[in-house]
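Subject: Structure handover

Hi,

Here is the structure I promised to pass on. Please open it alongside this note.

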Amino acid sequence: MTAGSPSEALARLAGERVDHRFKGLPPDADGLTVGELAAQRRNLFTGGFTTPVLALSAERLEHNLALMEAYAARHGLAFAPHGKTSMAPQLFHRQTERGAWGITLAVPHQVRVARAFGVRRVFLANEVVDPAALRWIAAEQDADPDFRLICYVDSVRGVELMDAALRGAARPLEVVVELAAGAGARTGVRTEAECAAVADAVAATRTLRLAGVAGYEGEVRRADPERVRAWLRRLVALAVGFDRAGRFAGRDEIVVSAGGSAWFDAVAEVFAEIPGLSSPVLKLLRSGAYVSHDDGHYRRLTPFNRVPGEGALEPAFRLWAQVVSRPTPDEAFVNAGKRDAAHDLDLPVAQVVRRDGTERPAAGISVTALSDQHAWLRTTAEADLEVGDWLGLGLSHPCTSFDKWPLIPVAEADGTVVEYIRTFF
């Protein structure tokens with residue numbers, strides 16, 4: 001089935017009923033639609049929400065969306081933010097409203113979600129060899145002339161499997177040869193000679209059409225600016241070589257794509273060096289974690305640390321938990337654990353304590369471990385913490401924060417909840 005209009009699909013989200021599926025929401029909201037609950041503009045702290053509850057900052061979310069829109073435009077980059085970060089169609093819509101070329105995704109199921117909510121352009125950063133998925137993609141393309149999907153190829157065998165599954169499709173599938181980010185990297189073709197062999201295999205089919213080259217610089221080993229730029233220049237040289245060999249003959253544009261959330265400054269720098277080719281170049285950046293940013297991994301790695309004059313992202317997530325046990329003066333436990341908080345890269349960070357409507361810094365409080373439903377806290381003599389207090393936690397790694405929460409309140413600075421973000425993992 002082809003996608004309906006984005007507005008119609010998003011309106012259906014607002015009509016979903018609130019019930020036990022959505023943790024943290026007010027129990028007395030059961031039976032309301034999400035839209036009706038949002039219209040009530042309840043307060044996160046006084047409106048009946050239960051702990052633990054994850055919230056997004058409305059102001060910081062908007063700031064991050066605007067900042068990356070401006071960054072991409074300033075550097076002449078098309079932007080296809082990676083949707084696997086949030087898997088939130090409402091955020092996909094806001095990203096495309098802010099000038100994104102389309103949405104990057106990782107697997108066919110994610111493409112199905114995007115299509116259900118009207119996304120017209122998808123960059124699928126993976127090789128797809130599943131016949132059922134390929135047949136579905138072909139059917140989507142054949143039914144909707146406005147739908148464009150570009151995906152990776154990284155082997156001759158993969159090209160053969162894709163060709164076999166796609167025979168009979170009315171439109172060829174656009175593909176980009178994925179260049180691996182060096183020895184020991186994840187996926188991708190290891191050498192330029194092998195890249196040429198894969199491109200030749202594509203050219204020998206009627207079902208695939210070579211659109212360009214791509215890769216992921218985040219896999220460069222012992223990454224530093226010099227090594228990352230060197231690999232990006234290899235990627236650009238691959239595109240130039242393919243073009244000189246006539247591999248892009250008849251193309252309206254040539255796709256050159258890279259860009260995770262740790263090195264997009266290097267991508268902007270090197271892509272600015274791309275020479276004139278036989279067709280215009282679509283310089284496609286794919287960073288995704290920016291939308292919420294974080295208080296750990298990406299706070300440390302963001303390129304804006306290296307280019308502060310370009311702006312700064314703001315961490316938009318805060319997980320609120322409640323102190324449920326204070327067994328000794330130097331320890332406490334809150335009711336949020338591995339089921340609620342991202343913990344694959346860093347433990348949550350205690351930020352603020354809330355009691356009787358007042359917030360103060362979480363001085364003397366640190367998270368030392370997580371159980372399934374508890375966070376273990378170490379407290380020093382300066383910690384003022386009682387059973388019943390709310391503790392605001394900063395999180396690391398947006399991707400594993402979003403995927404633990406199917407419906408996330410978006411709150412303004414005073415706690416007013418103005419929206420709910422639905423995720424589909």
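Below is what was found, region by region.

This is a predicted model: local features need pLDDT of at least 70, side-chain atom pairs count only at pLDDT 80 or more, and totals for chains, interfaces and linings use all residues. Residues are numbered from 1 along each chain as its sequence is written, and side-chain values use heavy atoms, with hydrogens and water left out.

**The parallel sheet**

Eight strands form an open sheet with parallel pairing, in the order β2-β9-β8-β7-β6-β5-β4-β3. Strands (E, at least two residues) and helices (H or I, at least four) are DSSP runs, numbered from the N terminus. Two strands pair if DSSP finds at least two bridges between them. β2 (78–79) and β3 (103–105) stand at the edges; each has a single partner strand, so one side of each lacks a neighbour in the sheet. Inside the order, β5 (residues 148–153) runs parallel to β6 (residues 173–178), joined by four bridges. Tyr152 stands opposite Val176 in β6. Helix α7 (residues 156–166) packs on this sheet and touches β4 (121–127), β5, β6 and β7 (208–214). Contact here means heavy atoms within 4.5 Å. The direction of α7 makes about 145° with that of β5; axes are lines fitted to C-alpha atoms, for helices over the stretch in contact, and angles run from 0 to 180 degrees between N-to-C directions.

**Strand β1**

β1 runs antiparallel to β10 (residues 317–328), with four bridges. There, Ala55 stands opposite Arg318. β1 also pairs with β17 (residues 407–411), in the parallel sense, over two bridges. Leu56 has Val410 as its bridge partner in β17.

**Strand β15 and its partners**

β15 (residues 375–379) has a covered face of Ala375, Leu377 and Thr379. Its uncovered face holds Trp376 and Arg378. A hairpin of four residues joins β14 to β15. These two strands run antiparallel over five bridges, and Ala369 stands opposite Trp376. β15 also pairs with β11, antiparallel, over four bridges. Leu377 is the bridge partner of Ala332.

**Asn335**

Asn335 lies in the loop between β11 (331–334) and β12 (349–355). Is Asn335 buried or exposed? It counts as buried, because its relative accessibility is 16%. Its side chain makes a polar contact with the side chain of Thr51 at 3.1 Å. A polar contact is a pair of N or O atoms within 3.5 Å; within protein, one must be able to donate a hydrogen and the other to accept it, and residues adjacent in sequence count only if both atoms are side-chain atoms. A polar atom of the Asn335 side chain also lies 2.7 Å from the backbone nitrogen of Gln322. Not counting residues up to four places away in sequence, Asn335 touches residues including Pro52, Val324, Asp340 and Gln373.

**Arg135**

Arg135 sits in helix α6 (residues 131–143). Arg135 counts as partly exposed, because its relative accessibility is 48%. Arg135 and Ala316 are 181 residues apart in sequence and 39 Å apart in space, C-alpha to C-alpha.

Best wishes

Key: Buried means under 20% relative accessible area, exposed over 50%, partly exposed in between (1.4 Å probe, protein chains only).
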